[in-house]
Amino acid sequence: MVGVQEVSEALDDSALIGRSRDDPESFAALFDRHADEIHRYAARRLGPELAEDVTGEVFLVAFRRRARYDPAWPDARPWLYGIATRVVAQHRRAERRRNHALAKVSPERPGTFDERSADRVTAEQLQPRLAKALTALSAAERDLLLLVAWADLTYEEAALALGVPVGTVRSRLHRLRAKVRRALGGNDPFAAEEPRHG
Amino acid sequence: MDEEFKEFADGRPAVPPYPPEARFRAREALMREARRGRGLRLPRFGWQAVAAFGMTVTLVGGVAVALSGQNGQSPVAGSSVTRAAAQFFPELRPRPGQFILIESDTMYASFQAGEDGEESRHLYRTHRKIYRSVDGSADGLLYIEGRPPEPWPGRELPAVAHDWKGSGWNRLASCPGRMGDQRDDYAYLSGLDAAALRALIRRDAPPGKADAAQQAFDAAAELVRESYLPRAQREALFQEIKAIPGVTEADGVADSAGRRGVALGLPASDGTLRQLIFDRGTYSLLGERATVVDARAAEAPEGSLLAHTAQLNVTVVDRLPEVDSPDGDDSCEGPAESASPAPTETAAPAEDAPTEDVPTETAAPAEDFPAAEPTPIPSESRPEVPAEDFPVDESASPTPAGPMPTPTG
């Protein structure tokens with residue numbers, strides 16, 4: 001068996017995952033490479049406490065799915081972020097169920113982050129302006145936006161992560177940009193630019 | 001990265017580092033799993049959980065919204081009311097290569113958080129002209145002109161409401177060859193029957209959830225707003241929206257130009273009833289309206305209007321107007337898609353488009369168009385979702401089935 005340390009430096013993610021099919025323990029090198037980054041993303045989405053659980057789950061799921069990894073992608077980050085997105089969503093769903101139960105006791109304003117505690121974590125950490133803009137988005141739109149803005153994925157990588165064609169991502173981003181522009185600018189459809197005429 | 005997203009990127013929250021103990025535990029769990037090959041019981045995830053939270057919040061996409069007629073405080077009315085809808089919305093015969101031009105007046109809610117975190121609200125108004133390629137083969141253009149803002153009902157007009165004045169042009173990237181089944185151009189949509197349109201508006205809806213209705217309603221609104229479709233598709237979409245659970249129909253609802261039509265409305269989580277107002281005879285969208293039905297949620301008096309629009313004109317033009325350096329739209333940029341046919345990049349419209357709007361009534365019979373331009377959906381491979389890893393969530397129930405209208409035409 002090849003030691004994790006020897007494996008980790010030389011191979012790209014794809015080769016590493018390929019090797020882990022025969023040598024499962026070498027998968028740990030993938031954890032060593034990307035765990036901090038996935039944890040950061042999870043912490044931004046769900047807060048530090050949940051992020052610990054989420055990160056562990058992401059790599060366990062990834063390990064079990066390693067045989068289906070598309071070797072055409074040398075970088076495993078989009079794949080890991082895709083798994084992370086679904087794990088985050090699962091937690092969000094659990095949070096929301098609990099919230100709906102709580103809401104009967106203490107109704108909260110609909111249509112705001114207050115309704116969803118997991119997302120509220122995100123909101124609390126953000127500037128009010130950005131948090132407000134996020135409220136204008138659906139959860140799926142937030143997933144896409146934050147994969148691009150926080151995980152720095154390209155459109156193609158975001159498509160891979162979300163399991164949709166890149167054309168779909170482009171189309172969604174097209175609409176998302178308009179939404180975000182409106183939400184951020186409110187009365188300024190031209191983003192940050194100064195008025196063109198009069 | 002787009003300017004809109006960059007602001008989020010720059011604003012990403014600082015988070016504490018992965019605690020070493022937690023990191024060690026996670027790695028050990030992974031190693032145990034690796035040694036064992038299998039074993040640890042994990043929570044099971046629904047793949048579609050990602051989409052299951054499509055709850056619509058507040059103001060959606062600039063748009064949207066609508067409201068019921070019984071409140072009667074529509075600010076409008078005028079001589080234009082007497083014009084028949086057919087005058088506003090004649091049956092058109094757009095051909096590939098042409099552009100559909102739609103002019104509209106809009107009023108939507110603006111929420112802004114200032115430096116101090118203090119939120120201000122008002123209603124912003126615009127006049128819009130949108131040019132979209134008939135077959136999605138070329139970029140479009142959008143002109144937006146600011147109109148005097150209105151105060152949020154029950155509040156004073158904030159100073160920030162006056163920050164934006166003037167007008168400007170935006171290029172609308174078309175991304176030909178890359179849209180796949182996300183296409184929303186005339187050529188593509190005019191080839192869809194009622195069942196396909198229904199699948200289209202419901203495809204992103206989380207099954208069996210209350211949010212599913214809102215998602216479908218919003219998706220349908222996206223298709224009819226600033227859009228022109230053949231009558232068969234207009235009527236089919238009308239019927240599909242009407243079939244969405246919770247949607248109510250109301251007659252005599254006025255758009256912001258004072259024209260009355262039949263409204264299909266759905267209460268939204270922002271405390272408003274959102275209505276899409278259609279001409280009864282042609283199923284053309286007249287406008288939208290959002291009326292407060294829950295004062296607490298909306299933070300505005302019940303019955304007040306938070307959105308009101310009117311689509312004023314729909315015409316077909318041969319080419320785009322000449323515009324000096326419109327604001328860009330780089331949403332088609334990025335690495336080429338490997339799995340699908342090479343994208344066709346089109347020239348930016350501004351530089352080589354000759355002169356003014358040239359409204360042209362074309363002579364081709366409407367029926368010819370869909371047949372002449374089948375516009376196949378590019379097939380793109382979707383990653384396989386192994387059922388054993390991401391089983392369907394047990395709590396999810398099938399999308400409610402509604403009556404299926406028969407397309408006419």
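**Confidence and fold**

Trainee: What is the mean pLDDT of chain A?
Mentor: The model is predicted, and 69% of the residues of chain A reach a pLDDT of 70 or more. The mean pLDDT of chain A is 74.

Trainee: How many contacts beyond four places in sequence does the model have for residues 97-124 of chain A?
Mentor: Over residues 1-7 of chain A, where pLDDT stays under 50, the model has 15 such contacts. Over residues 97-124 of chain A pLDDT also stays under 50. For residues 97-124 of chain A the number is 48.

Trainee: How many helices are there in chain A?
Mentor: Chain A has zero strands. Along the sequence its pattern reads α-α-α-α-α-α-α-α-α-α. The number of helices in chain A is ten.

Trainee: What percentage of the residues of chain A count as buried?
Mentor: Chain A exposes about 7,100 Å², and carbon and sulfur atoms supply 51% of that area. Buried here means under 20% relative accessible area. Of the 198 residues of chain A, the buried share is 64%.

Trainee: Which residue has a side-chain oxygen that reaches the backbone nitrogen of B:Ala195 at the start of H5(B)?
Mentor: Helix H5 of chain B spans residues 194-202, and its buried residues include B:Ala194 and B:Leu197. At the start of H5(B), the side-chain oxygen comes to within 3.2 Å of the backbone nitrogen of B:Ala195. That oxygen belongs to B:Asp193.

Terms used:
Residues are numbered from 1 along each chain as its sequence is written. Chains are lettered from A and ligands numbered from 1 in the order in which they are written. This is a predicted model: local features need pLDDT of at least 70, side-chain atom pairs count only at pLDDT 80 or more; totals for chains, interfaces and linings use all residues. Side-chain values use heavy atoms; hydrogens and water are left out. pLDDT is the predictor's confidence in each residue, from 0 to 100. Contact means heavy atoms within 4.5 Å. Buried means under 20% relative accessible area, exposed over 50%, partly exposed in between (1.4 Å probe, protein chains only). Helices (H or I, at least four residues) and strands (E, at least two) are DSSP runs, numbered from the N terminus. A polar contact is a pair of N or O atoms within 3.5 Å; within protein, one must be able to donate a hydrogen and the other to accept it, and residues adjacent in sequence count only if both atoms are side-chain atoms. Accessible areas come from the Shrake-Rupley method with a 1.4 Å probe; for residues, only the protein chains shown count as cover.
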